[in-house]
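This report is written for a reader who is meeting the structure for the first time. Please look over the sequence and the model before reading on.

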Amino acid sequence: MQITSDVTLKGPVWAEMLDRLVEEVFATNWDVYALCISIGMMYDGQIDSDDMAPHDYTENPRYIPRNVLINGERKGLLEFMLQAALITTKHVDLSEEKRLEYAFNDNAEIPFKPLQFLTNFANYGITKLKDALGDASDVEMLERIMTFLSDTYENGYDPTSGLDLDLDDFV
């Protein structure tokens with residue numbers, strides 16, 4: 001995956017959650033972003049970045065600089081997430097053959113921007129995380145993150161069932 005741009009995290013949800021989580025629970029914006037990609041992938045949910053910010057929202061977006069993303073471990077994780085998402089998501093209309101080609105052939109040109117594709121998962125993930133945290137702070141916030149992730153992992157999510165985790169359990 002070629003990383004030629006920064007990741008832009010738009011809107012009030014990202015601003016609020018990064019302000020609450022970075023330095024309190026996570027070290028950097030990258031850490032929150034990576035977690036949110038995985039949450040979005042678990043639910044196979046995406047939100048376009050332009051839909052994250054209301055039209056009247058004037059605050060500057062948050063960023064993850066490309067020099068942070070091209071770090072070997074981080075780039076490797078992004079590539080792994082991209083492979084997993086290409087194979088499993090219902091958000092792209094591709095044959096199984098094309099999915100495998102895009103996921104595992106380094107020379108294949110994916111017909112969309114991979115970082116934006118992953119960011120759309122992260123956008124969905126940050127909204128789920130915000131719902132799970134509610135107005136918690138400090139230690140309670142850590143407990144809610146742990147409970148949310150544990151329940152998501154143990155109970156799974158079946159998008160065909162129409163059932164979702166009961167986020168009232170986290171409030």
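Glu23 sits in the loop that joins α1 to α2. The model described here is a predicted one. Most residues other than glycine have a negative phi. Glu23 is exposed, because its relative accessible area is 74% and the cut-off for exposed is over 50%.

## Helix α1

Helix α1 covers residues 12–21 and is mostly covered, with 7 of its 10 residues buried. The buried residues are Val13, Trp14, Ala15, Met17, Leu18, Arg20 and Leu21. An α-helix has 3.6 residues a turn, so residues three or four places apart point the same way.

What do the buried residues of α1 pack against? Their partners are strand β1, helix α2, strand β2 (62–64), helix α6 and helix α7.

## Trp14 in helix α1

Trp14 belongs to helix α1. Is Trp14 buried or exposed? Trp14 is buried, because its relative accessibility is 0% and the cut-off for buried is under 20%.

With neighbours within four places in sequence left aside, Trp14 is in contact with Leu9, Val32, Tyr33, Cys36, Met52, Ala122, Asn123 and Ile126. One of these, Ala122, is 108 residues away from Trp14 along the chain, and the C-alpha atoms of the two are separated by 9.8 Å.

## Leu9 in strand β1

Strand β1 spans residues 7–9 and includes Leu9. Leu9 has a relative accessible area of 1% and is therefore buried. Leaving aside neighbours within four places in sequence, the contacts of Leu9 are Trp14, Leu18, Tyr33, Pro61, Arg62, Ile64 and Thr119. Two residues in that list, Trp14 and Leu18, are among the buried residues of α1.

How far apart are the C-alpha atoms of Leu9 and Met42? They are separated by 20 Å, and the two residues are 33 residues apart along the chain.

## Helices α2 and α7

Helix α2 (residues 29–43) and helix α7 (residues 138–155) have axes that come within 11 Å and cross at roughly 35 degrees. The crossing is left-handed.

Which residues meet where these helices are in contact? From α2 they are Leu35, Ile39, Met42 and Tyr43, and from α7 they are Phe148, Leu149 and Thr152. By type, the residues of this contact divide into 6 nonpolar, 1 polar and no charged.

## The loop between α2 and β2

Asp44 lies in the loop between α2 and β2. Its phi is near 50 degrees, which is a positive value in a residue other than glycine. Asp44 has a relative accessible area of 15% and is therefore buried, since the cut-off for buried is under 20%.

Asn60 is also in the loop between α2 and β2. Is Asn60 buried or exposed? Asn60 counts as exposed, because its relative accessibility is 64%.

## The largest pocket

The largest pocket holds about 610 Å³ of space. It is lined by 27 residues, and those closest to its centre are Met1, Gln2, Leu82, Pro114 and Leu115. The elements that give two or more residues to the lining are β1, α4 (72–88), α5 (96–104) and α6 (114–133).

How do the lining residues divide by type? There are 11 nonpolar, 9 polar and 7 charged residues in the lining of this pocket.

Key: Residues are numbered from 1 along each chain as its sequence is written. This is a predicted model: local features need pLDDT of at least 70, side-chain atom pairs count only at pLDDT 80 or more; totals for chains, interfaces and linings use all residues. Side-chain values use heavy atoms; hydrogens and water are left out. Helices (H or I, at least four residues) and strands (E, at least two) are DSSP runs, numbered from the N terminus. Buried means under 20% relative accessible area, exposed over 50%, partly exposed in between (1.4 Å probe, protein chains only). Contact means heavy atoms within 4.5 Å. On a 1 Å grid over the protein atoms alone, a cavity is a set of points where a 1.4 Å probe fits but cannot get out, and a pocket is an open set with protein on both sides within 12 Å along at least five of seven lines; lining residues have an atom within 4 Å of a point. Grid points are joined across faces, edges and corners, and a volume is the space filled by probe spheres set on the points. Ala, Val, Leu, Ile, Met, Phe, Trp, Tyr, Cys and Pro count as nonpolar, Asp, Glu, Lys and Arg as charged, and the others, Gly among them, as polar. Axes are lines fitted to C-alpha atoms, for helices over the stretch in contact, and angles run from 0 to 180 degrees between N-to-C directions. A crossing is left-handed if the near helix is turned anticlockwise from the far one by less than a right angle, and right-handed if clockwise.
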